[in-house]
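I opened my notebook to record what I looked up today. Each entry keeps to one topic.

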Amino acid sequence: MVQPTLVWKFGGTSVADPIRLRAVAERMVAAQRAGHRMVTVLSAMGGSTDELNRMAYAMSSRPQLRELDALLSVGECISCALAALAVHDLGSRAVSLTGAQAGILTDARYGNARLQDVRPQRILGALDTGAIVLVAGYQGISPSGDVTTLGRGGSDASAVAIAAALGLRECEIFTDVAGVFSADPRVVPDARRLATISREEMLQLAAAGARVLQPRAVELAVAHDIDIHVRSSFTTAAGTWLQEETVFEQADITGVAHRERESFYTVTGASPAVITAALAERGAAVGSMVRDGDKVHITAPGAEQSEIVAALFAAGARVLVRDDMGSVSIVGSGVGRRPEVTALALRTLEAEGIQPQLVTSTPSRVSFHVPERTVHHAVRLLHTAFGLHQDIGTERRRDRVTRSAS
């Protein structure tokens, strides 16, 4: 009888210290003893990547990206080695692998590398020996053999890519919240947990700042038809399933996402084309762009401010940064084509004295850039205004369709 293979991923808060790492090891061992072949992707221990980044910038105001990747990739390797030691102590066997050892191949774009392929032969070989396989997330290897990293949250992408390479249809992402909510439950205590959500809706929430999943991981799930189960590291309860869904003219609002800080950049001395190209070289994308005479105002959601400034300086531009802004976004199928949604949101915010500086929209998202100090209040206002706190009667009840064994 062929044993089913599971791919799990645990985030930084789930492996934040030796006690939590051991709890993860116990969970893996229990699953293996229940008859599963286990592949687990681990993030760096909570806060360690930020600390390594601070150390790098203490050494250099513009660290070389190749060396920065070499440094930042260490955290995940530490998590895997420690977890392997815990597994052995519990009486099972484990093999820890770097991204390169696991066959994760990327391009040569340091800091935000793109996945090219996953060749899982070594993973499969270790599974065949009865070992639990621990893979360092967030990293891979370039064509020239250098360590590369996959951008913030890249361990999510590692896990989905490995699941796809193994021919699986599911991947489980363990985090410090119980699933995907209609808003960040740390900001909105009565936010609803969603039993299911479409991949497109999750992609929009993630792009708007929801930190549950990296957007690229959701894109990989779409490309390879992988269902993702987002659930808590600290309980055995069901979380939220991300899966493909086709709903005719669905008009529901899924949730409210936010970024506590989303810097505004005023750029002079460079055209929009030069700005876009300069950011692309650093793996960053423009969110919004407005031309104002000889100035260009831009946002670059999710990108490090230091990286944006360095890229623009290198292109010969002058940059002024306004870093007291954040963003709040309403996400749902078709909301960008429903003017009444934007109108209600603006009335709600302005009634509380919150004046958005910029409004941008896509078919599935409307975003409002507001002063940073008002972001959490704006999230709660919009969550209430659209009735997202309501439960029975308004929550979409969508039963997960279990895939056939084929």
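**Entry: the model.** I am working from a predicted model.

**Entry: two helices.** I looked up how helix α2 packs against helix α3. Helix α2 spans residues 48-59 and helix α3 spans residues 65-72. They pack at an angle of about 145°. Their axes lie 10 Å apart. The crossing of α2 past α3 is right-handed.

Which residues in α2 meet α3? I found T49, L52, N53 and A56 on the α2 side. On the α3 side I found L68, L71 and L72. I then sorted this contact by class: five residues are nonpolar, two are polar and none is charged.

**Entry: salt bridges.** How many salt bridges does the count come to? I noted 20. I picked out a few.

R22 and D89 form one of them, at 3.1 Å from N to O. R22 sits in helix α1 (residues 18-33), and D89 sits in helix α4 (residues 74-89). The two are 67 residues apart, so I wrote that this pair links distant parts of the chain. R22 is partly exposed at 31% relative accessibility. D89 is exposed, because its value of 56% is over the 50% cut-off.

E51 and R54 form another salt bridge. Their closest N and O atoms are 2.8 Å apart. Both residues belong to helix α2, three residues apart, which is about one turn of the helix. E51 has a relative accessible area of 36% and is partly exposed.

I also looked at R261 and E372, whose side chains meet at 3.5 Å, N to O. R261 is in the loop between β13 and β14, while E372 is in the loop between β20 and α12. The pair therefore ties together parts that are 111 residues apart in sequence. E372 is partly exposed, at 29% relative accessibility.

**Entry: a network.** Salt bridges also link R169, R199, D225 and D227 in a network. I kept D225 in mind for the next entry.

**Entry: positive phi.** D225 is not a glycine, yet its phi is positive, near 55°. I found D225 in the loop between α8 (215-224) and β11 (227-232). It is partly exposed, at 27% relative accessibility.

Y138 also has a positive phi in a residue other than glycine, near 75°. Its place is the loop between β6 (132-136) and β7 (139-141). Is Y138 buried or exposed? I wrote down buried, because its relative accessibility is 9% and the cut-off is under 20%.

Note on methods: Residues are numbered from 1 along each chain as its sequence is written. This is a predicted model: local features need pLDDT of at least 70, side-chain atom pairs count only at pLDDT 80 or more; totals for chains, interfaces and linings use all residues. Side-chain values use heavy atoms; hydrogens and water are left out. Axes are lines fitted to C-alpha atoms, for helices over the stretch in contact, and angles run from 0 to 180 degrees between N-to-C directions. Helices (H or I, at least four residues) and strands (E, at least two) are DSSP runs, numbered from the N terminus. A crossing is left-handed if the near helix is turned anticlockwise from the far one by less than a right angle, and right-handed if clockwise. Contact means heavy atoms within 4.5 Å. Ala, Val, Leu, Ile, Met, Phe, Trp, Tyr, Cys and Pro count as nonpolar, Asp, Glu, Lys and Arg as charged, and the others, Gly among them, as polar. Buried means under 20% relative accessible area, exposed over 50%, partly exposed in between (1.4 Å probe, protein chains only). A salt bridge is a side-chain nitrogen of Lys or Arg within 4 Å of a carboxyl oxygen of Asp or Glu.
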